[in-house]
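Work through the exercises below with the model open. Try each task before reading its solution.

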Amino acid sequence: MPLSATPAAVVAYLNQAINASLEAAATRATLGGMGFDVAPGAPSQLGALIAKDLKLNAKLVRDANIRLD
């Protein structure tokens, strides 16, 4: 099933559970200690971040003339 077909209720439930975990002090300490930037948020925020990163990385790949072998 493509991600876009995931029912909104399932996305909301998973988002709530993941955010609750990311807001826990122990999780923040563990992930922060590994160098992760812990940033709970909405699915739309993650989508925007992914879109921004894809655009940036696509430019880097083009500019560096990176090709798949």
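This is a predicted model: local features need pLDDT of at least 70, side-chain atom pairs count only at pLDDT 80 or more; totals for chains, interfaces and linings use all residues.

**Exercise 1. Classify the packing of α1 against α2, and identify the residues that make the contact.**

Solution. 
- Step 1. Take the geometry. The axes of α1 and α2 lie 5 Å apart, at an angle of about 75 degrees.
- Step 2. Apply the cut-off. Angles of 65 to 115 degrees count as roughly perpendicular, so α1 is roughly perpendicular to α2.
- Step 3. List the contact. α1 contributes Ser 21, Leu 22 and Glu 23, while α2 contributes Ala 25, Thr 27, Arg 28 and Leu 31.
- Step 4. Sort by type. The residues of this contact of α1 with α2 comprise three nonpolar, two polar and two charged.

**Exercise 2. Characterise the largest pocket: its space and its lining.**

Solution. 
- Step 1. Start with volume. The largest pocket holds about 600 Å³ of space.
- Step 2. Find the centre. Among 18 lining residues, Asn 15, Ala 42, Pro 43, Leu 46 and Gly 47 are the closest to it.
- Step 3. Assign helices. At least two lining residues come from each of α1 (8-23) and α3 (43-63).
- Step 4. Sort the lining. It has 12 nonpolar residues, six polar and no charged.

How values were computed:
Residues are numbered from 1 along each chain as its sequence is written. Side-chain values use heavy atoms; hydrogens and water are left out. On a 1 Å grid over the protein atoms alone, a cavity is a set of points where a 1.4 Å probe fits but cannot get out, and a pocket is an open set with protein on both sides within 12 Å along at least five of seven lines; lining residues have an atom within 4 Å of a point. Grid points are joined across faces, edges and corners, and a volume is the space filled by probe spheres set on the points. Helices (H or I, at least four residues) and strands (E, at least two) are DSSP runs, numbered from the N terminus. Ala, Val, Leu, Ile, Met, Phe, Trp, Tyr, Cys and Pro count as nonpolar, Asp, Glu, Lys and Arg as charged, and the others, Gly among them, as polar. Axes are lines fitted to C-alpha atoms, for helices over the stretch in contact, and angles run from 0 to 180 degrees between N-to-C directions. Angles under 35 degrees count as roughly parallel, over 145 as roughly antiparallel, 65 to 115 as roughly perpendicular and the rest as oblique. Contact means heavy atoms within 4.5 Å.
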